[in-house]
Amino acid sequence: PADLVCSHLTPGLPTANSLATGARVGDESESDEALPTAVHTMQRSGGGRLLAPLAQAMARWAGGGAPSTASAASPSGFAGVGFVRRSGTFPKDTSKDKGDNIDVRFRDGSRNIVKHLRKDRRIPAILFGPGDNQGELLSLPLADIERQVRKYGIRGVGSKILTLRFEGGNRTETVIAKELTQDAGTRIVENVCFMPCGPETIVKIKVPVRTEGEDSCPGIKRGGFAWKLQKTLTVVCKGKDIPLEFMIDISKMEVDDKIFLKDVIIPEGVEVKMKDEKIPIVKLNGKGR
């Protein structure tokens, strides 16, 4: 409270040691008469010794000391006040970032294998080769595939070439994640189906559609909103030509404007498969003002 902070800025402020003792009202100590009324009230309700770290921290603040992330062994006990940074606020450590590489190992097809894998924070996966209906049974760390989903999105990761590094280091495979299954509640990836994809391999995959220019779109400023009727576009191309995404600029769209396939910039070597090109990809809906 503001009155509590101001009370410590007045002359006659008790020392940090006297505040740290946590003397109660009525104790025969010099801190009993020097403590401000607000601190007396807090001590009556919660106990002086429980509030001693808080009182000590406020005394340090009034004396010119800035809060710091002191260790638990600090004699001042300042670490217990709650000024320690949370782990999520520290810069991300990228020294161990594996990029687009995923470490895999072979697994068996027993009935309870998934249960055991999840205990080790791993998930099942399958690698289907050309003409292979059975596939190779694999497992991979959940953190590896979750990293790709955070980086490219659940739709974008399916259009990105990844590298599988097999245990032992003697084999690697360039693949695409043909299918990812997520838990409906937690959105955690539960299993992955991979398909080999080299630079010259012709593949048919879905590429995500994204929009940009919402901040300057006149239709949105008048109360409209961008509606993506097609969240992905199916393309046929070589592995080296797979676009990461289709970015559509809506910065000049008015309410009821539409963008069709003919308006989208398609990279060379990429063929878009669409059943009906008369269906818009993005439409700016809304009544407008």
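Trainee: Let's start with Lys262: is this residue buried or exposed?
Mentor: We call a residue buried under 20% relative accessible area, exposed over 50%, and partly exposed in between (1.4 Å probe, protein chains only). Lys262 has a relative accessible area of 70%, so this residue is exposed.

Trainee: Before we go on, what kind of model is this?
Mentor: Residues are numbered from 1 along each chain as its sequence is written, and side-chain values use heavy atoms, with hydrogens and water left out. Local features need pLDDT of at least 70, side-chain atom pairs count only at pLDDT 80 or more, and totals for chains, interfaces and linings use all residues, since what you're looking at is a predicted model.

Trainee: Which residue does Lys262 form a salt bridge with?
Mentor: A salt bridge needs a side-chain nitrogen of Lys or Arg within 4 Å of a carboxyl oxygen of Asp or Glu. For Lys262, the closest N and O atoms of the pair are 3.4 Å apart.

Trainee: Salt bridges that share partners join which residues into one network?
Mentor: Here, salt bridges with shared partners tie residues together into one network. Its members are Asp100, Lys151 and Lys160.

Trainee: How many salt bridges does a search of the whole structure find?
Mentor: Arg171 and Glu173 make one of them, with their closest N and O atoms 3.3 Å apart. Arg171 is partly exposed because its relative accessible area is 28%, and Glu173 also counts as partly exposed because its value is 24%. Searching the whole structure gives a salt bridge count of 13.

Trainee: How many residues apart are Glu200 and Lys240?
Mentor: Their side chains meet in a salt bridge at 3.2 Å, N to O. The pair links distant parts of the chain, with Glu200 in the loop between strands S6 (189-196) and S7 (202-212), and Lys240 in the loop between S9 (232-238) and S10 (246-249). Those labels come from DSSP runs (helices are H or I with at least four residues, strands are E with at least two), numbered from the N terminus.

Trainee: Where does helix H7 bend?
Mentor: Helix H7 (residues 142-156) has 15 residues, yet its end C-alpha atoms are only 18 Å apart, short of the 21 Å a straight helix would reach at 1.5 Å a residue. That expected span is 1.5 Å times one less than the number of residues. We get the bend at a residue as the angle between axes fitted to the seven residues ending there and the seven starting there. In H7 the bend is about 85°, and the place is Arg150.

Trainee: Which cysteine sulfur is nearest to that of Cys197?
Mentor: A disulfide is a pair of cysteine sulfur atoms within 2.5 Å, and searching the whole structure turns up zero. Cys197 is in no disulfide, and the nearest cysteine sulfur, 8.0 Å away, is that of Cys237.

Trainee: Why does Cys197 count as buried?
Mentor: Just check its accessibility against the cut-off for buried. Cys197 counts as buried because its relative accessibility is 1%.

Trainee: What phi does Arg121 have?
Mentor: Most residues other than glycine have a negative phi. Arg121 is in the loop between helix H6 (113-119) and strand S2 (122-127), and this residue counts as exposed because its relative accessibility is 56%. Although Arg121 is not a glycine, its phi is positive, at about 60°.

Trainee: What about the phi of Arg187?
Mentor: Arg187 is found in the loop between S5 and S6. Because its relative accessibility is 48%, Arg187 counts as partly exposed. It's not a glycine either, yet its phi is positive, at about 65°.

Trainee: By what distance are the C-alpha atoms of Pro243 and Ser159 separated?
Mentor: Pro243 is in the loop between S9 and S10, and this residue is buried because its relative accessible area is 9%. Pro243 and Ser159 are 84 residues apart along the chain, but their C-alpha atoms are separated by 7.3 Å.
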